[in-house]
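Subject: Structure for your files

Dear colleague,

Here is the structure I said I would pass on. My notes follow it.

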Amino acid sequence: MARPRQSLPDEWLGLDPQDMAERIRAHRGRLGDDLLILGHHYQKDEVIEHADHSGDSYGLAQVAAQSRARWIVFCGVEFMADSARLLARDDQVVIHPDTSAGCPMADMAERTGTERAWRELGEALGGTQGVLPVTYVNSDVETKAFTGRHGGIVCTSSNAARVFDWALGRADKLFFFPDEHLGRNTAFAKGFHGPDVLLWNPALPMGGHDPAELQRARVLLWKGFCHVHTHFNTAMIQQAREADPDVKVVVHPECERQVVAAADAAGSTAFIIDWCAAQPAGSRIRVGTELNLVQRLGRRHGDKEILPLDRSLCPNMWKISPNDLLWVLDRLGEVNVVEVDAELRQDARVALERMLAV
Ligand code: SF4
């Protein structure tokens with residue numbers, strides 16, 4: 001759950017953009033290697049221009065884990081700043097410029113529901129020894145800690161296939177949190193579909209299934225989704241192709257299965273960036289992912305026509321502004337410092353470190 005917002009004081013509102021950019025650059029020059037600013041690909045350009053590294057959640061988690069910087073400022077949503085906190089050393093300080101920038105999908109799996117699901121699953125199966133939890137990095141610390149406690153692992157959209165292999169080498173069954181669609185698309189690519197894959201609805205007893213169905217299934221999917229990616233549908237792809245038969249469509253695996261099936265290619269944010277770069281000059285491409293990234297790709301590849309499949313923006317990523325960034329740098333270590341409960345941290349970190357080792 002996103003933390004309550006520490007309101008941006010008036011002093012940092014209504015500032016001249018150029019002046020703010022210069023003040024942020026001055027802080028970066030003064031702090032040198034002691035400061036690391038990370039910016040997720042979905043951040044606005046005026047934030048990304050100050051990032052030492054921009055990347056997807058997997059790439060930035062790796063950078064955070066290897067950093068020697070004393071101050072790590074994470075421009076992204078809450079679970080990303082929390083992951084950096086989990087991986088950072090005790091003497092490093094992780095800062096989130098806007099503590100109200102959460103992720104609705106991460107909030108869809110919460111402690112009471114996941115623990116009840118685990119208990120019910122154990123009752124249906126006669127124990128959970130043969131089940132491993134796998135959680136998408138887009139989850140809260142409690143879900144990661146639950147995963148770590150039960151021998152499970154974190155994944156991102158970049159490494160989900162490898163993590164599935166790792167987990168299926170150790171258990172008969174996976175329980176995937178919290179994104180139904182990344183789970184379903186990854187399971188499908190591994191040959192699991194039909195009764196192999198069950199959607200667990202936390203609002204229903206035993207997720208809405210009987211014990212025989214649960215015994216039979218290989219992959220259980222928590223009923224959660226990213227509204228930014230489920231916005232895309234097959235009619236949009238069809239319309240794009242009717243308007244331009246040569247157009248190519250690439251989408252993110254948080255999109256629904258039928259959208260992924262209808263696209264020319266699908267993959268993580270890093271995959272989409274590389275895929276667009278690899279298309280020949282003159283290509284016309286429609287991209288089904290977050291708007292800020294698509295617009296940046298369009299500007300980067302002026303020799304191609306790269307446009308959004310439809311406009312879909314993450315309002316939580318959008319919350320972080322240069323004003324927030326300047327505020328946390330002006331008040332370094334005094335505001336928006338990320339803290340994680342010590343016990344949760346230990347369990348969640350185990351699950352994250354398993355991922356980094358895979
Ligand atoms: S794009 Fe979707 S998954 Fe990513 S932060 Fe926004 S709501 Fe969460």
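Of the 358 residues of the protein, 56% count as buried, where buried means under 20% relative accessible area with a 1.4 Å probe and protein chains only, exposed means over 50%, and partly exposed lies in between. This is a predicted model, in which local features need pLDDT of at least 70 and side-chain atom pairs count only at pLDDT 80 or more, while totals for chains, interfaces and linings use all residues. Residues are numbered from 1 along each chain as its sequence is written, and side-chain values use heavy atoms, with hydrogens and water left out.

The protein has 18 helices and 13 strands; these are DSSP runs numbered from the N terminus (helices: H or I, at least four residues; strands: E, at least two). Its radius of gyration is 21 Å, close to the 21 Å from the globule rule for 358 residues, so the protein is as compact as a globular protein of that length. That radius is taken over C-alpha atoms, and the rule is 2.2 Å times the number of residues to the power 0.38. The C-alpha trace spans about 65 × 55 × 35 Å along the principal axes.

Strand 7 (residues 173–177) has five of its five residues buried, so it is largely enclosed by the rest of the structure. Lys173, Phe175 and Phe177 are buried on one side, and Leu174 and Phe176 on the other. Strand 7 pairs with strand 5 (residues 131–136) in the parallel sense over five bridges; pairing requires at least two DSSP bridges between two strands. One of these bridges joins valine 131 to lysine 173. Strand 7 also pairs with strand 9 (residues 219–222), in the parallel sense over three bridges, and there phenylalanine 176 has leucine 221 as its bridge partner.

Helix 4 (residues 78–87) is mostly covered, with 10 of its 10 residues buried. Among them are the charged-type names Glu78, Asp82 and Arg85.

Now the ligand. Which residues surround the ligand? They are Tyr42, Val77, Cys103, Pro104, Met105, Asn138, Cys226, His227, Val228, Glu254 and Cys314, each with a heavy atom within 4 Å of it. This shell divides into eight nonpolar, two polar and one charged (nonpolar: Ala, Val, Leu, Ile, Met, Phe, Trp, Tyr, Cys and Pro; charged: Asp, Glu, Lys and Arg; polar: the others, Gly among them). Helix 5 (104–107) and helix 11 (227–230) each supply at least two residues of the shell.

Regards
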